[in-house]
Structure formats: structure tokens, C-alpha cells
Amino acid sequence: WEAINSDEDVKSESGSMCLVRTACKAIQTRCCQKSGCHVMFRAYLKTQGVHDFPIATYEGNRFNIVFYNAAGIYYLRSHLIRYLEEVHHTRNRLLQAVLNDLKHPLYLIGCNGLGIVSKCITSPLWRVLESSSSMSTLCKEYQNMHQLFLKWSDDVSTL
């Protein structure tokens with residue numbers, strides 16, 4: 001998708017995925033000890049009246065985390081940009097890379113799209129998987145999801 005809509009060479013990882021990965025490395029609870037700024041960024045968010053921090057740590061191999069975190073990065077994007085430019089002054093390469101990627105409209109569109117997938121598909125599916133006691137209940141959920149995919153393939157206005 002990014003290769004079609006950009007003049008830049010796309011490597012093995014899309015810019016949106018790189019933004020999610022590096023932003024999480026910079027601000028999530030288990031951030032990079034050397035270059036991250038989790039504690040200071042959370043304090044900044046509280047001074048701005050933002051008490052939600054929708055960024056999960058990468059634990060195990062949960063498929064939905066990247067979608068959830070992309071939604072969180074998109075939600076926090078203006079706060080992250082302001083914090084990195086005006087408060088922290090971005091003194092290391094990790095934070096500079098995050099700031100540069102946050103200013104790339106195509107990467108933000110990708111994060112928004114991944115966030116929509118989180119909201120409509122992966123988060124509801126994860127809740128069902130965690131609460132399901134048998135495979136027979138999952139079969140019905142997968143059939144419902146398939147019907148939604150067919151509906152969305154014709155008309156995405158219901159998203």
C-alpha cells in the first residue's frame with residue numbers, strides 16, 4: 001500500500017509498522033532504558049488532561065497488539081509531536097525517528113487504518129477468544145466475521 005502511494009522505497013517493514021514499533025520502544029511501559037521517555041511522557045500527558053494511555057506492551061505473541069498500539073499512536077499523535085518538539089526537544093536518534101515518522105501523513109494514515117482494524121476486528125475477536133470455552137462457539141464467531149468481511153468488501157460506509 002505504501003509503495004503504491006509513495007515515491008519512497010519501501011523496505012521489508014512498512015513505514016506505519018516502523019512508526020508503531022519505534023514509538024512503542026520510546027514510550028511504552030517497557031521502553032528502551034537508554035533512549036525512551038515513558039515516565040516523562042506519561043507525566044506530560046497528565047498535565048494535558050489525558051489520562052488514557054492506549055499502548056500495550058509486547059508480551060508473548062498476541063496478534064492484536066500491533067493493531068491496538070497503532071490506534072494508540074494515532075490517538076496520541078498530536079501530544080507526541082508537541083512533547084517531542086517543545087518539551088523533550090528530541091535529543092536522541094530513537095525519538096528523532098519517531099518525530100520524523102509522526103510527521104509523515106502516509107504513515108499516520110496507515111496507523112489510522114490499523115486502528116480501525118483493531119476497533120472492528122482484532123479487539124472484538126480477542127475478547128471472544130479469551131472468553132470462549134469451546135471451539136463450537138468460535139465457529140459461529142468466525143462465520144459472523146466472514147459475513148462482515150463480505151459486507152465490507154462491497155461497502156465500507158458501515159465502518
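Biologist: Which residues does Met 17 touch, not counting residues up to four places away in sequence?

Modeller: Met 17 touches Val 66 and Leu 114; touching, or contact, means heavy atoms within 4.5 Å. Before we go on: this is a predicted model, where local features need pLDDT of at least 70, side-chain atom pairs count only at pLDDT 80 or more, and totals for chains, interfaces and linings use all residues. Residues are numbered from 1 along each chain as its sequence is written, and side-chain values use heavy atoms, with hydrogens and water left out.

Biologist: Why is Met 17 called partly exposed?

Modeller: Its relative accessibility is 28%. Buried means under 20% relative accessible area and exposed means over 50%, with partly exposed in between (1.4 Å probe, protein chains only). Met 17 lands in the middle band, so partly exposed it is.

Biologist: Where does Met 17 sit, then?

Modeller: In helix 2. Helices are DSSP runs (H or I, at least four residues), strands are runs of E (at least two), and both are numbered from the N terminus. The C-alpha atom of Met 17 is 7.8 Å from that of Cys 111, although the two are 94 residues apart along the chain.

Biologist: How many helices and strands does the chain have?

Modeller: Seven helices and zero strands. The C-alpha trace spans about 50 × 40 × 30 Å along its principal axes, and 40% of the 159 residues count as buried.

Biologist: Which residues of the largest nonpolar core touch the most other members?

Modeller: Leu 19, Ile 27, Phe 41, Ile 73, Leu 84 and Leu 102, out of 30 residues in that core. Helices 2, 3, 4, 5 and 6 each supply at least two residues of this core, and helix 4 gives the largest share, seven residues. As for the term, a nonpolar core is a set of buried Ala, Val, Leu, Ile, Met, Phe, Trp, Tyr and Cys residues joined through side-chain atoms within 4.5 Å.

Biologist: What does Leu 19 touch, not counting residues up to four places away in sequence?

Modeller: Ile 73, Val 98, Asp 101, Leu 102, Tyr 107, Leu 108 and Cys 111.

Biologist: Why do helix 6 and helix 7 count as roughly antiparallel?

Modeller: Their axes come within 11 Å and cross at roughly 170°. Axes are lines fitted to C-alpha atoms, for helices over the stretch in contact, with angles from 0 to 180 degrees between N-to-C directions. Under 35 degrees is roughly parallel, over 145 roughly antiparallel, 65 to 115 roughly perpendicular, and the rest oblique. The crossing angle is in the antiparallel range, so helix 6 is roughly antiparallel to helix 7.

Biologist: What makes the pair of Phe 41 and Tyr 83 edge-to-face?

Modeller: The ring centres are 5.3 Å apart and the planes are at 65°. Rings of Phe, Tyr and Trp (its six-membered ring) pair if their centres lie within 6.5 Å; planes under 30 degrees apart are stacked, over 60 edge-to-face, and the rest tilted. Both values pass, so the pair is edge-to-face.
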